[in-house]
Amino acid sequence: MQECPAYAQRQDHGVMAKATAALPASERLAACCKMKCLFLLLGVLQLLAAAAAAYKQWIPNTNFETASNWDKGRVPCASDIVHFEKNKVISVFVRSPHALTDMYLPLNGELVLASGAGFAAFDGSWDAGCDSGATVRFADAEHHTWFDPTLWQAVSPSGELELGRRIFSVDEERVPCRYDDVIFQPETSFRVNVDSSRQVIHLRSISLMGQELSSPEAWAGYLRGPSASLQFHGNGTLQVTGTGCPDKSGCACGNAPDGHRICTALLGALGRQCPAPACRSPLQPLGHCCGVCGATISLDFTPDFDLQKYQDRLVQALLSQPKYAGVWMAISKVHKAQTFLGVIPRSSTPHIQIVLIDDEAGAQTGTAAEQMAADVMEDIAQHGEALGISSGKMEVATGSTFSGQAGSHALSRITAGTVLGLLFGLVLLGGIFFLYRKGKLRLPALHLPRPWDRAEDPASLVPASDKGFDNPMFDMEPPSTDAGEEMPQEMAPKDHQVFYLNPLYDASETET
């Protein structure tokens, strides 16, 4: 406690120290101690905020000294002619002095010169390694798009690559999310296409040309400068908010509306199609362009859930174990679409998605990730309530499910297929009925026999014993009668009676 007066004395130029100067000694001592604790607490919170923030660094540049920016694959030398396309807008950073034979500049662009950098005319003296005298053209930078995940890398706040953590991001989250910090390397120029399905792309902060812009006012001032229109082009607008994710359970990335742009750019770099997975039934995590082998876990959470603390728990308790040395993990909040009967979109609900993959090969692909996922589910069963997790569901690359309802994934597929079949049948019947009503289609008349029709058939009422039969021994025509001759009464037909001729009977013998 005796350190507090000295601490206050070191802050005597601050407003808080001036405010405590008029207090009695004892109260001033207590106030100083409270201020010290407050400063320490603010410092800890700032460190925690920095640890939780995600930093995404842009990889390409348009520097003059970058060999890949030239069509010859090398930096122009003294005997070369430098050619910039006159209709291409470009910003080029120059680090060092250069001697050139000639240089054609664009109609709209800028050369940003570092201290001591510049250009001089070549005096014709010999230059080692530069005797070609070729025309070297600056490469087209218009194709570098904001939503290309291959052009971003995760870095620490100081700009260093994050290695050894074995934490990765699904493809949509490889591109800066709405609460991320974006870094363009100091002393570099760039040009990036920000075409987007959204009018505004929100970010927490942007660092470029050696300055950090972390407030809307600072960013608006930069946009009014001459370089912004040369560095950013397209229909999207970048907006710096200066605020991080306000929810301790995490925030969704927000890149879902541009997911098709992300996958198109990624598949273009991969040869227009996803690599063939090694497992039989690859999983499709939300926000990821291609199927993966391994396991995914979907968590339902309560207001007590803390995403950063839970990630640290998984890293320390499971991911750091030697048996999981080849496992990589991605964890984030995603919005999962809810459907009616597994087909009709209804709404979306937030979930925590965990994706686990491993470097196993052959038949063992995904087995280490599956085992770790099973350990995660066991930990949830024991400590889920204390961690703010209400339920969890796990799926593995083989298609089996480790959740409270085994086989629910396969059942949902069957249900979806059944519903789709019913819907297709209804649409087909509706189309046939529509064409029939319009007279475009005629249906054949069908007569289906009814039981009562057969019961009323007169032929069915005749007893089988009353029916006649043909005598195979008699091959004579029955005697005919003249038109006016009456048939004897005994030979007259009667109702429901039949007769036949006896071949053994001769009518002439009876008359004699």
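This is a predicted model: local features need pLDDT of at least 70, side-chain atom pairs count only at pLDDT 80 or more; totals for chains, interfaces and linings use all residues.
Q: Where does threonine 237 sit?
A: Threonine 237 is in strand β16, which covers residues 237–240.

Q: And what does threonine 237 touch, leaving out residues up to four places away in sequence?
A: With those left out, threonine 237 touches Gln199, Val200 and Ile201. There is also a C-alpha to C-alpha distance of 8.5 Å between threonine 237 and histidine 202, and those two are 35 residues apart in sequence.

Q: Let's zoom out for a moment. How many helices and strands does the protein chain have?
A: The protein chain has 12 helices and 21 strands.

Q: What percentage of the residues count as buried?
A: In the protein chain, 33% of the 512 residues count as buried.

Q: On to cavities. How many are there of 30 Å³ or more?
A: The count comes to two cavities of 30 Å³ or more. The largest cavity holds about 50 Å³ of space.

Q: Which residues line the largest cavity?
A: The lining is made up of Trp58, Ile59, Pro60, Asn61, Phe184, Gln185, Thr188, Ser189 and Phe190.

Q: How does that lining of the largest cavity split by class?
A: Five of the lining residues are nonpolar and four are polar, with no charged residues.

Q: What touches phenylalanine 190, not counting residues up to four places away in sequence?
A: On that basis, phenylalanine 190 touches Trp58, Pro60, Thr62, Ser91, Phe184, Leu208, Leu230, Gln231 and Phe232. Trp58, Pro60 and Phe184 from that list also line the largest cavity.

Q: How far apart are phenylalanine 190 and serine 91 in sequence and in space?
A: Phenylalanine 190 and serine 91 are 99 residues apart in sequence, while their C-alpha atoms are 6.5 Å apart in space.

Q: Which loop holds glutamate 187?
A: Glutamate 187 is in the loop between β10 (181–183) and β11 (192–193). Its relative accessible area of 45% makes it partly exposed.

Q: What's phi for glutamate 187?
A: Phi of glutamate 187 is near 55 degrees, a positive value in a residue other than glycine. Methionine 209 also has a positive phi, near 50 degrees.

Q: Oh, and where is methionine 209?
A: Methionine 209 lies in the loop between β13 and β14 (211–213). It counts as partly exposed, at 31% relative accessibility.

Q: What about serine 207, is that one buried or exposed?
A: Serine 207 is buried, since its relative accessible area is 19% and the cut-off for buried is under 20%. It lies in strand β13, residues 205–208.

Q: And the contacts of serine 207, beyond four places in sequence?
A: Serine 207 touches Val182, Ile183, Phe184 and Glu212. Phe184 is also one of the residues that line the largest cavity.

Q: New topic: which helix holds aspartate 379?
A: Aspartate 379 is in helix α9, residues 367–387. It is buried, with a relative accessible area of 16%.

Q: Which side chain makes a polar contact with the side chain of aspartate 379?
A: Arginine 313 does, at 2.9 Å. Arg313 is also among the residues that aspartate 379 touches, along with Gly384 and Leu387, when residues up to four places away in sequence are not counted.

Q: Last one: where is histidine 288?
A: Histidine 288 is in the loop between α7 (259–269) and β17 (295–301). It is buried, with a relative accessible area of 17%, and touches Val170 and Asp171, not counting residues up to four places away in sequence.

Key
Residues are numbered from 1 along each chain as its sequence is written. Side-chain values use heavy atoms; hydrogens and water are left out. Helices (H or I, at least four residues) and strands (E, at least two) are DSSP runs, numbered from the N terminus. Buried means under 20% relative accessible area, exposed over 50%, partly exposed in between (1.4 Å probe, protein chains only). Contact means heavy atoms within 4.5 Å. A polar contact is a pair of N or O atoms within 3.5 Å; within protein, one must be able to donate a hydrogen and the other to accept it, and residues adjacent in sequence count only if both atoms are side-chain atoms. On a 1 Å grid over the protein atoms alone, a cavity is a set of points where a 1.4 Å probe fits but cannot get out, and a pocket is an open set with protein on both sides within 12 Å along at least five of seven lines; lining residues have an atom within 4 Å of a point. Grid points are joined across faces, edges and corners, and a volume is the space filled by probe spheres set on the points. Ala, Val, Leu, Ile, Met, Phe, Trp, Tyr, Cys and Pro count as nonpolar, Asp, Glu, Lys and Arg as charged, and the others, Gly among them, as polar.
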